[in-house]
Number of protein chains: 2
Amino acid sequence: MNAPLPQDALAAGPAAGSVRPDTAQTLSARRERQQRLVSALSGVLPAHALLWHAEDTIPYECDGLSAYRERPLLVALPETEAQVAAVLRTCRELSVPVVARGAGTGLSGGAMPHRDGVTLSLAKFSRILKVDPRERVAVVQCGVRNLAISEAAAPYGLYYAPDPSSQIACTIGGNVAENSGGVHCLKYGLTLHNVLKVRGYTIDGEAVEFGGLSLDAPGLDLLSVVIGSEGMLAVVTEVVVRLIPRPQLARCIMASFPTVETAGEAVAEIIASGIIPAGLEMMDKPMTAAVEDFVHAGYDLDAAAILLCESDGTPEEVEEEIGRMTEVLTRCGASGIEVSRDEAQRLKFWSGRKNAFPASGRISPDYMCMDSTIPRRRLADMLRAIAAMEDRHGLRCCNVFHAGDGNLHPLILFDANDPDQLRRAEAFGAEILELSVEMGGTITGEHGVGVEKLNSMCVQFSPEELAMMIAVKHAFDAPGLLNPGKAIPTLHRCAEYGKMHVRRGLLPFSELPRF
Amino acid sequence: MNAPLPQDALAAGPAAGSVRPDTAQTLSARRERQQRLVSALSGVLPAHALLWHAEDTIPYECDGLSAYRERPLLVALPETEAQVAAVLRTCRELSVPVVARGAGTGLSGGAMPHRDGVTLSLAKFSRILKVDPRERVAVVQCGVRNLAISEAAAPYGLYYAPDPSSQIACTIGGNVAENSGGVHCLKYGLTLHNVLKVRGYTIDGEAVEFGGLSLDAPGLDLLSVVIGSEGMLAVVTEVVVRLIPRPQLARCIMASFPTVETAGEAVAEIIASGIIPAGLEMMDKPMTAAVEDFVHAGYDLDAAAILLCESDGTPEEVEEEIGRMTEVLTRCGASGIEVSRDEAQRLKFWSGRKNAFPASGRISPDYMCMDSTIPRRRLADMLRAIAAMEDRHGLRCCNVFHAGDGNLHPLILFDANDPDQLRRAEAFGAEILELSVEMGGTITGEHGVGVEKLNSMCVQFSPEELAMMIAVKHAFDAPGLLNPGKAIPTLHRCAEYGKMHVRRGLLPFSELPRF
């Protein structure tokens, strides 16, 4: 979705996320704040590390959620940790919000600039400091790209497991901020499970370290709360990641199903049988049609839904697991099963899945990518409900799921140039999120909350729970200057949104109808 | 170590952890506070659920760290969540500290009573609410014993992985408080990695839930910060745990080594070769001698150190892994290798390891069990350093390590009736902890901080990091009434202890000499 480009560096509207157009008066006040900031930061950063002219800040006005745009007062590009600390101290003194930014590939607007703030780009922190094959860790700066870590570890037969679709571009710092996953996270875990330690800076410019190289650490586990905190607690500059041995072999099954119900059932059955596949993805017919037309992955276009089930390990393990999965899939009514013959065919199967988003872009002017989770066994219920919503909202939806962990990515197709379609798409999306929570799931599986899902947080959490998150935020960042307005809604906002949180009436778990 | 039993319910001295003897005046003030508390709690709990007479509170005066004892004003034994909430609200109103308690098997004094507080025993919360083999989860009340979960899941071929040595007695609530591990946590993770969700109450008596059944959850990851928080953030009443399929087969190698250096090297090499054994334990010669005399596990008494290396999985996987481990152990200089022939012999190998602590109790009037971690490759260095400390402090030490994850349990032997020996044992222990931190490790691997290691926390963490933990504690428990005086030292205490934190001078990781 493209918003019209503003003519002036400071007149950052009227894109979808922008609240009000600037008046001459507010414009002049902003200019003054900007000049004060430029002058203060010129004392701590070289001139080339400060961008504030319109043409320089435009590339930073959104992240992957391009429907929301904002221009910062200034973009800072520090090159050393001392400079990061100095920028933070300066912003703290001037009470200026700071939004840290990696590659800007996030999908929930977590790195969208603050109109009165500094965007702190960490692009220059791109060094791999150490790969230690014996301890199986890598020490990297926050701006290192996800895939670059695995490339550096490859000579030792090791790799970094979490593999978001954007892994060629996204940075480990952004992965830490969003607790990123990927198609293999069912077996290998999220960023949280693969990062041992981070080093960063508080809003006061104090260096802090969280986590350690041991399995457990004494004291409160602040590493886990920092991972996934969307830049609201500290600015992470250095990360120690766990490396794991690359499996000797991987093979992938493509299984066709005559109905979405049987496909959903097969997913639940595979997990219930004790198998943890390296990947377990589901696509419905509209999705495979869009993809096949684009990348020719060899998908079965007659199937109502297909599953991709991957096994990795030693050749013996893979053979045994492929056999067991084939048995379960057949028992659940698969109408066709094809196992990748070689690495080329396996990669072809995955190329379809990995291109699902751009494939949707080819068949619709715009699409809205949802990201919620539900219990695995509700997959078919959700697909039926989405079909009913398509009729109700008069919009089409393609479905691609990380089915193994119940993470949905419905892609709602619409035309953003039609305000009514945008409104209906937003309502459609909100309905999916609320149904996910009702089913016992969550409003985000891996893309984060950002600005996109602030209202949905009111649905997911009780006021007490949100108050606790706000208090923890305050414990790290008392002035509230790190990425304000993201991830955790104010209680006031929730009251205005007017939604009761529907997760559960604090029933004991045992009384919940289903997981 | 036994302390003399006090004569009166309120005169809770003069055990090791007790600061001052009671005067007539303080005794009378305590009596008054106690009466006020009894009267207030009588309104919310039935009479049989309140214990405050001397003979009734004695059993609660310590946990597994019996060197430190204190008598609470009162022990409350609620039976419902509503009662837990009411006790907490009452204590909040009266500003009375609350110490939650499970089975009292903790080893760091985390459940030691507060002399002016309520001990909240959760013994009545012992119901298994649900075992769901399909979703592979169990929903249990906090007072359910660790082993009881696996027993309930056994009919489905499932079990709960973390297995602390006390698993027959310790409760899941205590495991959550201490983030407990066990001999299999190298492969299967700690409590943190096996608990999906908890339900509990704040000091205000508000119900809260943390975590969820999805792989990721939106918002801040408060579940991780609650796990291992030693009862300082909330009182957990219900836990959803992950169940995993019981492996078809397990076999264990006992490998003998002529020197501790070669044994330590073999541990590092096994991990570096990409194997993650189901268990990887190390015992030195004094330890095997003490154990063999006690349980006749069949250990090689000529070896300077032995390793126990377990493999589990399908028969094919086990055979392959046992083969690879045998190859590495031989290459590293093992002087003998014996693989368990059957389940009986495997259990015999482990019975020795699991009885290491009581075996030490047989050869010495008292022992102090340390629990620190170091990088695996420093195992031999640490054993050499401990040998030098034995000479310096004039005390013997047996060594048993969870070697695979670098978690040490040196057992310092001494006689507590000799005050000089006690003093020397404490100095010996502190030296081990500080050396562990210097080597890049931590002061506790799995037993928690409790009251035992408060000073060592000052060595482990910087003032900024401790301040952040204190702020998070405050975010959950503003009045500071949940288990005060445990786990996180005040900055004042650290200043008095007078130790610089030695972990690192906030060097970038890359400049650290070693992990």
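**Cysteines and charged pairs**

Modeller: C458(B) has a relative accessible area of 3%, so this cysteine is buried, the cut-off for that term being under 20%. The model is predicted, and every value below is computed from it. C494(B), at a relative accessible area of 10%, is buried as well. These two cysteines of chain B are joined to each other in a disulfide, with a distance of 2.1 Å from S to S. The torsion about their S-S bond is -80°, and the link of C458(B) and C494(B) is left-handed. The pair connects distant parts of the chain: C458(B) sits in helix α15 (residues 454-460) of chain B, while C494(B) belongs to helix α17 (residues 491-497) of that chain, 36 residues apart.

Over all chains, a search of the whole structure finds two disulfides. Chain A contains a disulfide between C458(A) and C494(A), again with 2.1 Å from S to S. Its torsion about the S-S bond is about -80°, so the link of C458(A) and C494(A) is left-handed. A disulfide is a covalent bond between the sulfur atoms of two cysteines.

The relation between the chains can be stated directly.

Why is C309(A) not paired, given the cut-off of 2.5 Å between cysteine sulfur atoms? The nearest cysteine sulfur to C309(A), that of C252(A), is 6.9 Å away, and a disulfide requires sulfur atoms within 2.5 Å; C309(A) is therefore in no disulfide. C309(A) is buried, with a relative accessible area of 0%.

Charged side chains form a second set of links. Side chains of opposite charge can pair when their charged atoms come close. Over all chains, 56 salt bridges are found in a search of the whole structure. One of them is formed by the side chains of R115(A) and E70(A), at 3.2 Å from N to O. R115(A) is in the loop between β3 (98-101) and β4 (118-121) of chain A, and E70(A) is in the loop between α2 and β2 of chain A, so this pair ties together parts that are 45 residues apart in sequence. Both partners count as buried, R115(A) at 9% relative accessibility and E70(A) at 6%.

R69(A) is found in the loop between α2 (54-57) and β2 (74-76) of chain A. R69(A) is buried, with a relative accessible area of 11%. Its side chain makes a polar contact with the side chain of E61(A) at 3.0 Å, and the side chain of R69(A) also reaches the backbone oxygen of S66(A) at 2.9 Å.

Another salt bridge joins the side chains of E135(A) and R377(B), at 3.3 Å from N to O. E135(A) lies in the loop between β5 (128-132) and β6 (137-141) of chain A, and R377(B) in the loop between β17 (372-373) and α13 (379-393) of chain B, so the pair joins two chains. E135(A) counts as buried at 15% relative accessibility, whereas R377(B) is partly exposed at a relative accessible area of 24%.

Within chain B, E327(B) and R331(B) form a salt bridge whose closest N and O atoms are 3.1 Å apart. Both residues lie in helix α10 (residues 315-331) of chain B, four residues apart, about one turn of the helix. E327(B) is partly exposed, with a relative accessible area of 43%, and R331(B) is partly exposed at 49%. These two residues belong to a network of salt bridges that also links R134(A), E265(B) and E269(B).

Methods: Residues are numbered from 1 along each chain as its sequence is written. Chains are lettered from A and ligands numbered from 1 in the order in which they are written. This is a predicted model: local features need pLDDT of at least 70, side-chain atom pairs count only at pLDDT 80 or more; totals for chains, interfaces and linings use all residues. Side-chain values use heavy atoms; hydrogens and water are left out. Buried means under 20% relative accessible area, exposed over 50%, partly exposed in between (1.4 Å probe, protein chains only). A polar contact is a pair of N or O atoms within 3.5 Å; within protein, one must be able to donate a hydrogen and the other to accept it, and residues adjacent in sequence count only if both atoms are side-chain atoms. A salt bridge is a side-chain nitrogen of Lys or Arg within 4 Å of a carboxyl oxygen of Asp or Glu.
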